[in-house]
Amino acid sequence: MSRKIIALLLAALLCVSVLAGCGAKQETPAEDASPAEETTPAETPEEPAEETPAEETPAEETPAEEPAASVTVTDMTGREITLDGPATRVVALSAADCEVLCALGCGDALVGRGEYCNWPEEILDVPVVQSGADTNIEQIISLQPQVLLMSTMAQTEEQVKALEDAGIKVVVSDAMDIEGIYTSVGIIGKLMDKEEQAGEIVNGMKSTFEDLKAKAAAWEGDQMSVYFEISPLEWGLWTAGTGTFYDEIANILNLKNAFGDVAGYAEISEEQVIERKPDAIVTISMYYGEGPTPVEEILSRPGWDVIPAVANEKILNLQNDELSRPAPRLAEGAQMLYDFMYGE
Amino acid sequence: MKQRREGFRPATYVLFLAVTAAALVLCVCLGSVSLPLKDTLRTLVRAALGLAQDARSLAPSIVVPVRLPRVLCVAAVGAALSLCGAAMQGLLKNPLADGSTMGVSSGASLGAIIALAFGVSVPGLPFAGTTVLAILFAFGSLLLILGVAYRLDSSLSTNTIILLGVIFSMFASSVSSFIITFAGERVKTIMFWTLGSLQGSSYQNAAVLYVTLAVCGAILLAHGRELNAFAVGEDNARNIGVYVRRVKLTVLICVSVLIGVCVSVSGTIGFVGLVTPHMLRRLTGPNHRRLLPASVFGGAVFLMLADLLARTVLSPRELPIGVVTSFVGSIVFVYIFFRSRGR
């Protein structure tokens, strides 16, 4: 008997939760549909998904108060995206896109951020949306962005389609190298009507890299090798090989990536690090204020004392993703690495 | 069939020890970095005699501080996991019982994650917090699963236990994910926990493993005869005078302690506890007086070789050991299964 009651209760709970989910979805677009209809002139040229859902009006493109000329960008998958005007409400799923937005001075336009977006600090108040496999389409729609910025690896085709059916433009920025960062800054700059600032950022980065490259090339000592430690020994050593930003920066700075023969991010053997004897180690381990710091931990590893980096205590701890993200901050990271390797 | 001696002869133990030692030497001599055999052996001998090492050679900084402790840890983990698998399969009369299928490993790693996320630590022993919680959670999950299984089905049938084990595994990993979601900045580090890594194994880890293995392993081995009785049936065990409750509790505590310690050192490694006892049963027969000791050595050798593959196949890269154990283990398992059926 009691089992039946429990089963009924569970069934009821299930119904309620399903309904609750639907309710949230229906409420938001409906509420905002009325003001949207008032302000929207009838001349919305590209509204393909207009009539699809039966009763509820879909979340329409709400153009800015004074509609500027439409904006067309080609994203990094080659798709052409047209907006009625510069975007004022943006959800960014990748940490790099968040950083680009803020560097352009458009932090206010950010209405939702992916869970790994943590820089700069002021965006930490912006609501977090799930990204990757758990992307919560309902949640993104309820934030009513005009544009969703994401990288290709974060989302599936179906998810993109669902978002576009809801009237949200999806722009993919997926920089795989420094050249890609310039492109993505350009795309986001155009979207936000900040092309001038975008140009300044790109030029600033370019001149930093060129400057560092020239200075590093003038280094008279032997070429130094550097080992990038992405994950500490306790969890298995991971390093950054070719095709990563770490490697690209190392090349610019005339440094030899100790694991330049490995592709991408990979777990590597501790023995290999000892054998390759890097001149410097860059670790990105976080320090939580207890136990040994990441640098102390590396210095204390048995057998590592034969590594020049450990013997000379030449270990740099970067804690804020300076070298891992396709964002303007990469130039600062490169500068930090240069200062560390070559001294001031 | 001829009446066979129940346990192994001392000569057989010598053989087992020799095979294990050979595997150990092989695994210490081979590795991601290929060192001249002479250097490796000289380093080992000098370290054993406490002599100064050759400063020009690379071997002293690799063999003694890095490779040897890892191989020792791997051997102990393999021995412990497969002994646990053999004991549980006998106790529960269940060919699919194992730390990972029964959810004990997931329980243990949940404990370890809680210790990491909330900074649980035993004063003075930085390593102990995760271990203690992993053991407690391993034992708790075993009790919970068996308790619920008894309520549902007092005969403790295979299906019930495996089903509950799988459900509990999912439950434990969902709670783990939940904690990881809220652990904020520590997310990344904790995620690696669930994958498990034997890199960075130290002599302290090895010492903890071997002490645990010596104590719990001895207790389990001493219960071989009782486990034989359980393998026929719990009622049978009771009828021939086995103190069912006490034996069961003893075996379960030993299994939880072993799995808990293994998980806290190496993360969860699947398949070893499940497959090695089955492979060895083909050689030793079902008698636990033979199966249990064979599992200790067989598990150690199997995991050492699996780890050797993990370290060397993609050098300089390293594979997660679970990938190797599952891949090799399942193929070997199917092969043995078909051969023994086909006869």
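Colleague: In what order do the elements of chain B run from the N terminus on?

Modeller: From the N terminus on, they run α-α-α-α-α-α-α-α-α-α-α-α-α-α. Chain B has 14 helices and 0 strands; helices (H or I, at least four residues) and strands (E, at least two) are DSSP runs, numbered from the N terminus. This is a predicted model, in which local features need pLDDT of at least 70, side-chain atom pairs count only at pLDDT 80 or more, and totals for chains, interfaces and linings use all residues. Residues are numbered from 1 along each chain as its sequence is written, and side-chain values use heavy atoms, with hydrogens and water left out.

Colleague: What radius of gyration does chain B have?

Modeller: The radius of gyration is taken over C-alpha atoms, and the globule rule is 2.2 Å times the number of residues to the power 0.38. For 343 residues a compact globule would come near 20 Å, and the 21 Å of chain B agrees with that. The C-alpha trace of chain B spans about 65 × 60 × 40 Å along its principal axes.

Colleague: What share of chain B counts as buried?

Modeller: Of its 343 residues, 52%.

Note on methods:
Chains are lettered from A and ligands numbered from 1 in the order in which they are written. Buried means under 20% relative accessible area, exposed over 50%, partly exposed in between (1.4 Å probe, protein chains only).
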